[in-house]
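Me: I'd like to learn how to read a model like this one, feature by feature. Could you take me through it?

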Amino acid sequence: MGSSARELPADLAGHRHRLAEIILAESRRAGLGSGARLPTERQLAADLGATRTSGRRALAVLEAEGRISREVGRGTFLRDAPWTPAGDGAVRGDGADGGPSADPGQDLAAGYPDHTGFAPADVMAVRRLLEPPAMKLVVAWATTADFEEMSRCLAGGERAASYDEFETWDLALHRSIVAASHSPLLARLYAVLEEARHGRFWGDLKRRSASRERQLAYQADHKELVAALRARDADRAVDAMRVHLARVAGHLFDETS
């Protein structure tokens with residue numbers, strides 16, 4: 001891998017996501033496929049002109065997105081195309097289940113101008129309008145594979161050792177929940193929100209409000225939400241998502257809800 005990371009965006013979230021994209025691009029250029037082992041964190045950082053910490057954060061993004069697996073004592077390995085919901089017209093990277101073929105690295109938010117510059121209050125307001133009602137679709141259509149992916153993301157958040165790692169798994173969990181609705185339109189709409197959460201405005205505000213106590217509260221919210229979805233209890237799941245987003249908004253904006 002010979003690319004440089006010098007032109008990566010200055011904000012931390014953008015930096016780690018852009019570096020993750022470079023790692024995948026360089027792996028493809030090197031002809032590496034599913035099951036291939038990636039270089040060590042130290043070697044990746046040296047090859048990309050980045051710090052080892054930046055490389056570790058980029059790998060955490062790739063793991064949360066299901067693009068790599070990290071095995072203790074063995075190394076880091078590329079996985080198949082990122083996990084996507086199957087059936088019901090859902091888009092898959094391999095074009096299976098009747099859905100159109102799509103580039104696994106495609107930016108679903110492309111075409112929406114300035115999506116990383118939206119005001120955090122606007123992002124939060126739209127999340128509170130969109131995500132709770134969507135839980136009814138998830139309860140109706142989620143599959144065993146969907147719940148396995150949610151569990152994977154919950155486990156990642158549980159073992160997160162830093163704010164950055166937890167935020168990466170938080171994004172992955174919410175993405176997996178929306179994907180379990182098996183609604184390509186909803187997934188596309190949510191992709192715009194997710195891109196906005198990668199923006200500097202959101203990242204700075206979220207970082208300032210972060211604490212270990214709040215991280216534990218978010219993780220407890222996540223567990224309750226996934227438990228409600230697994231139980232196929234739509235009202236409980238809607239309430240759990242509302243409570244969680246109200247908690248996040250309260251921490252971000254000092255709301256009293």
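Reply: Glutamine 219 is buried, with a relative accessible area of 7%; buried means under 20% relative accessible area, exposed means over 50%, and partly exposed is in between, with a 1.4 Å probe and protein chains only. Before we go on, this is a predicted model, where local features need pLDDT of at least 70, side-chain atom pairs count only at pLDDT 80 or more, and totals for chains, interfaces and linings use all residues. Residues are numbered from 1 along each chain as its sequence is written, and side-chain values use heavy atoms, with hydrogens and water left out.

Me: Where is glutamine 219, and what does glutamine 219 touch?

Reply: Glutamine 219 sits in helix α9, residues 212–230. Helices (H or I, at least four residues) and strands (E, at least two) are DSSP runs, numbered from the N terminus. Contact means heavy atoms within 4.5 Å. Leaving out residues up to four places away in sequence, glutamine 219 touches Leu154, Gly157, Glu158 and Phe166.

Me: Which side chain makes a polar contact with that of glutamine 219?

Reply: A polar contact is a pair of N or O atoms within 3.5 Å; within protein, one must be able to donate a hydrogen and the other to accept it, and residues adjacent in sequence count only if both atoms are side-chain atoms. Here the partner is the side chain of glutamate 158, at 3.2 Å.

Me: How many helices and strands does the protein chain have?

Reply: There are 10 helices and two strands, and along the sequence they run α-α-α-β-β-α-α-α-α-α-α-α. Of the 257 residues in the protein chain, 46% are buried. Take the contacts between residues at least 6 apart in sequence: 69% of them join residues at least 24 apart.

Me: How do I read a pair of packed helices?

Reply: Two packed helices are described by the angle between their axes and the distance between the axes. The axes are lines fitted to C-alpha atoms, for helices over the stretch in contact, and angles run from 0 to 180 degrees between N-to-C directions. In this model, helix α4 (residues 120–141) and helix α7 (residues 184–197) pack at about 145°, with axes 11 Å apart. On the α4 side the contact is made by Val123, Val126, Arg127, Leu130, Glu131, Ala134 and Leu137, and on the α7 side by Leu186, Tyr190, Leu193, Ala196 and Arg197. By class, that contact has nine nonpolar, no polar and three charged residues. For the classes, Ala, Val, Leu, Ile, Met, Phe, Trp, Tyr, Cys and Pro count as nonpolar, Asp, Glu, Lys and Arg as charged, and the others, Gly among them, as polar.

Me: Is leucine 189 buried, exposed or partly exposed?

Reply: Leucine 189, which is found in helix α7, counts as partly exposed at 37% relative accessibility. C-alpha to C-alpha, leucine 189 and leucine 130 are 9.1 Å apart in space and 59 residues apart in sequence.

Me: What about backbone angles?

Reply: Look at phi in the loops. Histidine 182 has a positive phi of about 60° although it is not a glycine; this residue is in the loop between α6 (163–179) and α7. Histidine 182 is buried, at 6% relative accessible area. Arginine 232 also has a positive phi, near 60°, in a residue other than glycine. Arginine 232 lies in the loop between α9 and α10 (234–253), and is partly exposed at 39%.

Me: What does arginine 159 touch?

Reply: Arginine 159 lies in helix α5, residues 144–159, and is partly exposed at 48% relative accessibility. Not counting residues up to four places away in sequence, arginine 159 touches Glu63, Glu165 and Trp169.

Me: Where should I be careful?

Reply: Where pLDDT is low, the predicted coordinates should not be read in detail. pLDDT is the predictor's confidence in each residue, from 0 to 100. The protein chain averages 80, and 78% of the residues score at least 70. Over residues 2–10 the pLDDT stays under 50, and the model has 22 contacts beyond four places in sequence for them. Residues 83–115 are also below 50, with 57 contacts in the model beyond near neighbours in sequence.
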